[in-house]
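Take a walk through this fold, from the overall build to a single side chain. The sequence and the model come first.

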Amino acid sequence: MEPQNPDLRTLTFFLDVYRWHSFSATARQHNLSVPVITRCISQLEAVLRTPLFYRTTRAVLPTEAGHRFAEYAEAMLQHWREAQQALADLHETPSGTIRIHAPLVFGQRHIAPWLSGLLRRYPQLNVDLLQRDEQADFQADRLDLAFCIGSRPDSALKMRTFAREHHYLAAAPSYLAAHGKPQTPDELGAHRCLLYRGKNGLDRWFFRTDSARDWASPPLRGKIVADNVEILLRAALDGAGLVLFPDWLLGEYIRRGELTPLSCGSRQVATDPHEHYVGAVYPRTRQPSRNLCAVLDYFSEVFGERAYWLLDGEDDSHGHSQ
């Protein structure tokens, strides 16, 4: 009896095993047992008449045939998703599932609070939200849309820009009453700085005056160093020291007077001298899906033409979508 041709479910299992090098991780992802996954892969290998993976005690590694077949499997699934989307777009109301990526803290503060409103507007829409600080991987995570904070993306992606990102050096009034305000960046060495440590190491603080073309980055003394911005923000609000964070994180506390912005005699402060934007990126296609357009338009509306987190006096010019 000839083995049956694989279905889309089997192709999905194959690609997950291919990416994660693990039958057990794939089984957990799909809430299935490991034997179900291994049986599907074995049936697929029987149809193709070639092994797709080397099985070892430590990992499941693709063969040369496995590498080749992964390209075709991904293309077949992509064609299927496009066909589904094309048919879904025949309906006027967005429906089905949209997969969205968002940076962790930005997602908690500016995406999650608006999701209930999105679903009230489009009750047939489902949201699958991944919150990670790593760069979005559209292919591996099968994403439709990724909110991002950074420079403009490469030409493979389009971007809807919501705002230019601004940074503030700030401290609680109680800290400033006890320790005074630093007047220049060089004075920060004598102050309690609360420093964020990310995957690339400690954040540096950059300062630029009206008369200077280059950025200055003084040496800092980390009173608290943490890889969680919420911990540092809480410490700053409690008067533990100075933080340098973006407007979308500090804006509400500055407006309420819980934090006081400091210039240190500089026109600009930042954790990166390159210009950054808050936006949403998505793959370039001839016709973006109805779901994608609905979500982009919704967040453009709730964020506002001038993003609600921007403080008075901030330059809100941010160019146009690519």
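The protein has 9 helices and 15 strands. Helices (H or I, at least four residues) and strands (E, at least two) are DSSP runs, numbered from the N terminus. This is a predicted model, in which local features need pLDDT of at least 70 and side-chain atom pairs count only at pLDDT 80 or more, while totals for chains, interfaces and linings use all residues. Residues are numbered from 1 along each chain as its sequence is written, and side-chain values use heavy atoms, with hydrogens and water left out.

Begin with the whole. The C-alpha trace spans about 85 × 50 × 35 Å along its principal axes. Of the 322 residues, 43% are buried. Buried means under 20% relative accessible area, exposed over 50%, partly exposed in between (1.4 Å probe, protein chains only). The accessible surface comes to about 17600 Å², and carbon and sulfur atoms hold 49% of that surface. These areas come from the Shrake-Rupley method with a 1.4 Å probe; for residues, only the protein chains shown count as cover. Among contacts with a separation of 6 or more, 75% join residues 24 or more positions apart. Contact means heavy atoms within 4.5 Å.

An unreviewed UniProt entry annotates residues 6-63 as "domain: HTH lysR-type". UniProt positions follow the numbering used here, feature names are shortened, and annotations may be inferred rather than shown by experiment. The chain over residues 6-63 is 62% helix and 10% strand. The end C-alpha atoms of this stretch lie 19 Å apart.

Next come the sheets. Strands of a sheet pair through backbone hydrogen bonds, either parallel or antiparallel. Here, two strands pair if DSSP finds at least two bridges between them. Strand β7 (residues 167-171) joins β13 over 3 bridges. L169 stands opposite L262 in β13. Axes are lines fitted to C-alpha atoms, for helices over the stretch in contact, and angles run from 0 to 180 degrees between N-to-C directions.

Another open sheet of 3 strands has the order β9-β8-β11 and mixed pairing. β9 (201-202) and β11 (222-226) each have a single partner strand, so one side of each is left without a neighbour in the sheet. Strand β8 (residues 193-198) runs parallel to β11, joined by 4 bridges. C193 faces G222 in β11. Helix α7 (residues 229-237) lies across β8 and β11, at about 175° to β8.

Look at strand β15 (residues 277-283) too. 6 of its 7 residues are buried. Strand β5 (residues 145-150) pairs with β15 in the antiparallel sense over 5 bridges, and F147 stands opposite A280. Strand β6 (residues 157-164) is also antiparallel to β15, over 7 bridges. There, M159 has V281 as its bridge partner.

Finish at one side chain. H110 sits in helix α5 (residues 104-121). Its relative accessibility is 6%, so H110 counts as buried. The side chain of H110 reaches the backbone oxygen of W248 at 2.7 Å. It also makes a polar contact with the side chain of Y308 (2.6 Å). A polar contact is a pair of N or O atoms within 3.5 Å; within protein, one must be able to donate a hydrogen and the other to accept it, and residues adjacent in sequence count only if both atoms are side-chain atoms. Not counting residues up to four places away in sequence, H110 touches W248, F299, F303, Y308 and W309.
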